[in-house]
Amino acid sequence: MNSRITVLSWNFENNGGGDAAKRVQAHERLVSLSPHLVLRQEMWRADTDGNAILYELENVLGMRGWLGPESCTAIFADPRFFHPVREWPKPGPMWVLPPTALTMRYLPAGTEATPLALASYHLNYASSTNRAAEAEWLSTWADKKWTNPQGETIRMPCLVAGDNNSYPVPGVEGDPALPVLNEIKDRPHRLHRSFIGPDGTRVMDTRPDEALRTAGLEDVARHWSAKHGDTAAVSRTVNACETHGPDSRIDRLYATPELLDAVTGVDVIEVPEEVSDHHIVRVTLDGDRLSDILNQQPNTLESLVAP
């Protein structure tokens, strides 16, 4: 089997807005990228008629799907490579748009390998206060435990991806610049994407990114771009518009540090605005290296992530 693993994250706007042909065409676009994991946001109405839309998309993608609470998010996985160990249907009390969270085994690594903690998430649109709390709850997926065949309890490697409705902390060459608050023409959107800073002035919201990275979840695009000088990794995921401001990198994938050694590329696949208001984030992994990481002994695994 191919040792290259492709992970895609996409907020497909309004799940096609009830247009079945548009929905199918959008997911055929994903198929063309040969994914092994797809983390989707805005899965609206996929739970109607007994999850009919979810099963439709499973068929289009040729993958198995899991729909999160309230049909907000989903994870699709290639069953030749990934198998679920458990679901996490209660992700915490603060979520407006609950994530889909799974413990997933990477099958090529073998039955004794440590599984992965996975989550597809969508932080709140309107409230920076709620986003901060959601990001804190999201960080708990970097602290999920697993008992290995030797009876040792260890933290699972973690990978989460989604729509942050907020910005990455500046500091990487090529990352879109933060908007200037007063240049955002839509006044409610100024509120939605900012908060009151320590000095009493309103600043653009980067708190979810700071919180996740404090918790040990690395922005994979930021890591790849800084390490390899590849500014394409931090390309915009949302286009500039009259009301919301300039190009921004709202959609991001985070991973615990031990997984970074398996990353072989990060890029953004742009889609026309009539298809979706978000582009597709793609991360590729070396499957053989991923297997090695998941089979590390606990003391070796800790040495990989030691500060």
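Reader: Are helices H3 and H5 roughly parallel or roughly antiparallel to each other?

Author: Two packed helices are described by the angle and the distance between their axes. H3 and H5 are roughly parallel to each other (angles under 35 degrees; over 145 is roughly antiparallel, 65 to 115 roughly perpendicular, the rest oblique). The axes of H3 (residues 128–138) and H5 (residues 207–214) cross at roughly 20° and come within 9 Å. Axes are lines fitted to C-alpha atoms over the stretch in contact, with angles from 0 to 180 degrees between N-to-C directions. Helices are DSSP runs of H or I with at least four residues, strands runs of E with at least two, numbered from the N terminus.

This is a predicted model, in which local features need pLDDT of at least 70 and side-chain atom pairs pLDDT 80 or more, while totals for chains, interfaces and linings use all residues. Residues are numbered from 1 along each chain, and side-chain values use heavy atoms, without hydrogens and water.

Reader: Which residues of H3 meet H5?

Author: Contact means heavy atoms within 4.5 Å. Ser-128, Thr-129, Arg-131, Ala-132, Ala-135 and Leu-138 of H3 meet Arg-207, Pro-208, Ala-211 and Leu-212 of H5.

Reader: Is His-36 buried or exposed?

Author: Buried means under 20% relative accessible area, exposed over 50%, partly exposed in between (1.4 Å probe, protein chains only). His-36 is buried, at 7%. It lies in the loop between helix H1 (20–31) and strand S2 (37–41).

Reader: Why is strand S15 largely enclosed?

Author: In S15 (residues 263–269), 5 of the 7 residues are buried, so the rest of the structure largely encloses this strand.
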